[in-house]
Amino acid sequence: MRPILHRSPIPGLGLSAGITITMLSLVVLLPIGALLLKGASVGFGTLWTEINTARIWTSLWLSFRLSFYAAVFNLVFGVTLAWVLARYSFPGRRIIDAAVDLPFALPTAVAGIALTALYAPNGAFGALAKEMGFKIAYTPLGIFIALVFVGLPFVTRTVQPVIDEIDREVEEASATLGANRLHTLRHVILPMLAPAALTGFALSLARAVGEYGSVIFIAGNLPMKTEIAPLLIVIKLEEFNYAGATAIGIAMLVISFLMLLLINAVQVWSRRRIGYV
Amino acid sequence: MSDTPNIRFRPVTTEPALVQGLVISGVIAVLAVLLFAPLIAVFYEALSKGWFAAVASLADKESLAAIRLTLTVALVSVPLNAVFGVAAAWLITKYDFRGKAFLITLIDLPFSVSPVVAGLCIVLTFGANTVVGGWLVDAGYPIVFALPGIILASMFVTFPFVARELIPVMIEQGRAEEEAALTLGASGWRVFFTVTLPNIRWALLYGVLLCNARAMGEFGAVAVVSGKIRGQTATMPITIEMLYNEYLSVAAFTLAGVLALLAFVTLGLKTFLEIRHADALAATRRH
């Protein structure tokens, strides 16, 4: 059996382990433990009756479905964008490259009110849509746009370094063997990008499912129609229904946990296939 | 040169120029609608009644209190998370022990927990109706609906940022330099400050930058724990929400514009660091 700790000449083990474990416990583990403890003290039966309402199932389904659509959009667009940034040169490339990270740096509430201002019926794009006979803000389509916004950088940022590392000779070999460019892209390049792209997809999905700030402004928050799951937690808390909030919170925690497993599985799978992500 | 036929060959490793042009325009069009338009909208709405109205709305007592609170929260939570990030990265990269992968998973946990769930967890830990929270409220130190809760919520959502940036860089740099310094008789702190820190300073700054941007802009987790008391526990993003819901559009978008400028500064510094110190920042561009 491997020893628990290999002896190391580098000092600071006690201090760094102490700080890490104390802060991790206090900031992350204790609060999450409190949620699970609350769930256990409320009891599974009560949690289930709290969760098992049409309104909550509808909101969980809405959150998950739209997050999935947004992550799929970001997967396709993110890979394309990463390719453009890594391989093409055009004026403004640097600016675009920097701007991709904007959704990470821009506070979600700012993104939320800005998107609403644009896509509401009296906004620039909203008015356009109104003329064409449909609404964007205050419909699931508006939620989709907000979720695309917050998840935009993930796929690009995971795929771009992989493209940078691709050996051009592989593409040349493919061409000398008679493949046209499209064939090379589909059968040589894409398989190399797939693991990183899937990691980005999973990260983007996880972020979208839990997203709150950018969505609640544009969603309109109509029960059974445009109400996302995190909003229901806030509503339950405002009603002092801690059991209800705990039930949805645990459900979402389980979903995030499953996604974390998915991300790890993708990484293990890809490491086995190509050696890195 | 007159012998060569006047044909320009395209390298086999690129796409035809026409395809490139179409893809580039398509990508820029999508980004224009999704990224740049909202950004322009923030400043357009903020300045819709002129510069004076925008500046006047910032000078409001509640807006000033919100700015002060947000700065306080960042000033406490970012250094604490930086200390944690350095300690965690040191522990993970300088020693070999069992359960390291599990520890990394735990540190990454806040990335995949919804901010609202994070806020809920803090309310259930330190709320006035819990054992610990009730005792603290009685002692005169309320956590939830007060500053400590907001700091805790901000720390939760930004917890992995610094460690995430440092770990790949420190793995790449290995332990040889530290070990060499130790054999030459340097103390542990001396090794850290004169050997490790200069190697990781840019990655550290980068992590702190991202951590700060997120801490100042956090909405979901803070919304749950803050109680939204005007002038007391309303941070900038919370105040933006309250102003927006009261149809005080200019004030809401002006405050949003201030946070957007902060995002510009963050991205600008980040790009600068990437160009100047690309070698010191490992290729970890996950967030």
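This report describes the interface between chain A and chain B and the cavities of the structure, all taken from a predicted model.

Across the interface, 97 residues of chain A are in contact with 89 residues of chain B, and the two chains bury about 8200 Å² between them, with 78% of that area on carbon and sulfur atoms. Ile10(A), Tyr88(A) and Ile113(A) supply 8% of the area that chain A buries against chain B, which is more than any other three residues supply.

Polar interactions also cross this interface, where eleven residue pairs are found in polar contact. On the side of chain A that touches chain B, helix H1 of chain A (residues 13–42) contributes the largest share, with 17 residues, and the classes of the residues on that side are given in the table below.

| Class, side of chain A that touches chain B | Count |
|---|---|
| Nonpolar | 68 residues |
| Polar | 17 residues |

Turning to the cavities, the structure holds four of 30 Å³ or more, and the largest cavity has a volume of about 80 Å³. Its lining includes Phe104(A), Arg207(A), Arg214(B) and Glu218(B), and two elements each give two or more residues to this lining, namely helix H5 (102–105) of chain A and helix H10 (188–217) of chain B. By class, the residues lining the largest cavity are six nonpolar, two polar and three charged.

Terms used: Residues are numbered from 1 along each chain as its sequence is written. Chains are lettered from A and ligands numbered from 1 in the order in which they are written. This is a predicted model: local features need pLDDT of at least 70, side-chain atom pairs count only at pLDDT 80 or more; totals for chains, interfaces and linings use all residues. Side-chain values use heavy atoms; hydrogens and water are left out. Contact means heavy atoms within 4.5 Å. Buried area is the accessible area (1.4 Å probe) that two parts lose on being put together, summed over both. A polar contact is a pair of N or O atoms within 3.5 Å; within protein, one must be able to donate a hydrogen and the other to accept it, and residues adjacent in sequence count only if both atoms are side-chain atoms. Helices (H or I, at least four residues) and strands (E, at least two) are DSSP runs, numbered from the N terminus. Ala, Val, Leu, Ile, Met, Phe, Trp, Tyr, Cys and Pro count as nonpolar, Asp, Glu, Lys and Arg as charged, and the others, Gly among them, as polar. On a 1 Å grid over the protein atoms alone, a cavity is a set of points where a 1.4 Å probe fits but cannot get out, and a pocket is an open set with protein on both sides within 12 Å along at least five of seven lines; lining residues have an atom within 4 Å of a point. Grid points are joined across faces, edges and corners, and a volume is the space filled by probe spheres set on the points.
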